[in-house]
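Please look over the chain shown here before reading on. The report that follows takes up local backbone features, helices, strands and cores in turn.

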Amino acid sequence: MAFAEFRPLDEKSLVEYIQCTPALASKLGNRFDGLEIREVGDGNLNFVYIVVGSAGSFVIKQALPYIRCIGESWPMTKERAYFEVVALKEHGHWCPDHVPEVYHFDRTMSLIGMRYLEPPHIILRKGLIAGIEYPLLAEHISEYMARTLFCTSLLYHSTTEHKRAVAEFCGNVEMCRLTEQVVFSDPYKVSQYNRWTSPYLDADAEAVREDNDLKLEIAKLKSMFCERAQALVHGDLHTGSVMVTRDSTQVIDPEFAFYGPMGFDVGAFLGNLFLSFFSQDGHANEGNDRKAYKEWILQSTEETWNLFRQKFVSLWNEHKNGSGEAYLPAIYNNDVLLELVQRKFMKDLFHDTLGFGAAKMIRRIVGVAHVEDFESITDAGKRADCERRALNFAMMLLKERRKFEGIGENNSTLMKRLNSQSSICFLCKLAPSQRSHSKADQLSSPATQQYTQGYNHSSSSCSCCDIVALVSLPRFHPVAQCIPCLQPRKADIPFVKPVGTSRFANHCHICVIS
């Protein structure tokens, strides 16, 4: 052990630590001159250092006793590093091609030393933002999920082995509690940590908080998350936890690992692919409209699920007479019955996947931690448009997931919804066919001409619905502004009841909404 008690390391103290830690020093050939050390953590939780010497390299990850992006006001257990290294070793045992090797672990220092995934490896999320296609991504990630989830479940292990493993990972309770809060609780209530692209998404965030059907569904998923110990899940399998090249896929950062529902991992990954899909319009330009890339992303979601299902069932068939005690061969002793069991199991897992994926999407738009896919879109209005479409899709998916039989059907519905949602008002949520007043009628109405004279409104403020005058939401903004164009309203404009239907009748509308 290099140091007797915990302390955060900086670049200077890290060199001292390495020098007195044989497992790390040997990876550098015991040569310490000219070491290149870079801190590359994303700023959310941990310190992450890349250490490169003339004779070798590795990555050092150190957990802090608080959430780094918020500070010491939000304490967080350092023990998450222990569960991360156990998960890395366990998952690496079952899927060594897609999990980096661990070289060293120091529980006192909450420090892990592991293989450095050298360039051209990059974080998958950054590659998706750049519009890079990864031809082996679906093949690799489906292999990782199928093997790690199957081989840590009761389909492979005895109940004794499984309960022993579950008991150990119950110690990672603080990370699970954090997930419960930021995924299943905060987005559905007023929370000091929530944020969104304001003022554009103010009404959308309120819609999430006021949707009773949505709350009923998220309660079911939260219960499943807390109670169903199916397998050792990564716990945070988004596109920022995967490093890729065109022929390599490596899964990192399982500090949220615990024994939970399999769909939580599969859903997290697919949900983040959907977030990337919706973000692409915000990254499009005259030279590249990103349409072909969006098609590749949807194709990747289909391939990922279909390959995962195929590989998972194949493992099940291979080990159907093994030590797994979920479905004893003495009972499920014929192929017809086994196929029925598998079909039911995979159908339930698919619906769990869609639900958890949707929950992950919602929390990344109106919760505390957002994604670079959207955050890197500098035009706030354009970013909000992308986020709104993603949010509407996720809310639909969470509530209607049981209607879908397969991923292809889900994606087909997605495209149909996108085509129709392009003309849905973000306030009244009505498509043109559902509204009794046309755009032409609205623009020519005396009220519109009277109350909008002298104001410049965004032509795309509300697609075909058009907010043609000013909207004031004083509960959220001291200065009443038009949501689309952000122009301040005139103080002498009287209250005008909206024409048509609005779900937000309690807002102070100073407009005519078609």
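## A guided look at the predicted model

N30 counts as exposed because its relative accessibility is 52%, where exposed means over 50% relative accessible area, buried means under 20%, and partly exposed lies in between, with a 1.4 Å probe and protein chains only. N30 lies in the loop between α2 (22–25) and β1 (36–39), and its phi is near 55°, a positive value in a residue other than glycine. Helices (H or I, at least four residues) and strands (E, at least two) are DSSP runs, numbered from the N terminus.

This is a predicted model, in which local features need pLDDT of at least 70 and side-chain atom pairs count only at pLDDT 80 or more, while totals for chains, interfaces and linings use all residues. Residues are numbered from 1 along each chain as its sequence is written, and side-chain values use heavy atoms, with hydrogens and water left out.

### Backbone features in loops

D253 also has a positive phi, near 60°, in a residue other than glycine. D253 lies in the loop between β11 and β12 and is partly exposed, with a relative accessible area of 24%.

| Cis peptide bond | Omega |
|---|---|
| P119 and P120 | about 15° |
| S198 and P199 | about 5° |

P120 lies in the loop between β7 (111–114) and β8, whereas P199 is placed in the loop between α7 and α8.

### Two helices

Helix α9 (residues 212–227) has 16 residues, which at 1.5 Å a residue should span 22 Å, and its end C-alpha atoms are 23 Å apart, which agrees; the expected span is 1.5 Å times one less than the number of residues. The buried residues of α9 are L214, E217, I218, L221, M224 and F225. Seen down the axis of α9, these buried residues fall within an arc of 115°, so they line one face of the helix, the arc being that of the directions from the helix axis to the C-beta atoms. On the face turned away from this buried side are the exposed residues N212, L216 and E227. The buried residues of α9 pack against α7 (173–184), α8 (202–209), β12 (258–260), α10 (262–283), α12 and α14 (380–400), with contact meaning heavy atoms within 4.5 Å.

A219 is also found in helix α9, and at 43% relative accessibility A219 counts as partly exposed. The C-alpha atoms of A219 and F184 are separated by 7.4 Å, although these residues are 35 residues apart along the chain.

Helix α3 (residues 80–94) has 15 residues that should span 21 Å at 1.5 Å a residue, and its end C-alpha atoms are 21 Å apart, in agreement. This helix α3 is mostly covered, since eleven of its 15 residues are buried; among them are Y82, F83, H91 and W94.

### Strands

Strand β6 (residues 102–106) runs antiparallel to β7 and is joined to it by four bridges, where two strands pair if DSSP finds at least two bridges between them. D106 stands opposite L111 in β7. The two strands β6 and β7 form a hairpin with four residues between them, and S110 in the turn has a positive phi of about 50°.

Three strands form an open sheet in the order β8-β10-β11, with antiparallel pairing. Its edge strands are β8 (122–123) and β11 (249–251), each of which pairs on one side only. Three bridges join β10 (residues 242–244) to β11, and M243 stands opposite Q250 in β11.

### Nonpolar cores

A nonpolar core is a set of buried Ala, Val, Leu, Ile, Met, Phe, Trp, Tyr and Cys residues joined through side-chain atoms within 4.5 Å. The largest such core has 104 residues, and those with the most contacts inside it are F308, F312 and I362. Helix α12 (residues 335–366) gives the most to this core, with 14 residues. Leaving aside its neighbours within four places in sequence, F308 is in contact with S142, M145, A146, L149, V266, E303, M346 and L349. A second, separate core of 17 residues includes L9, F47, I60 and L111.
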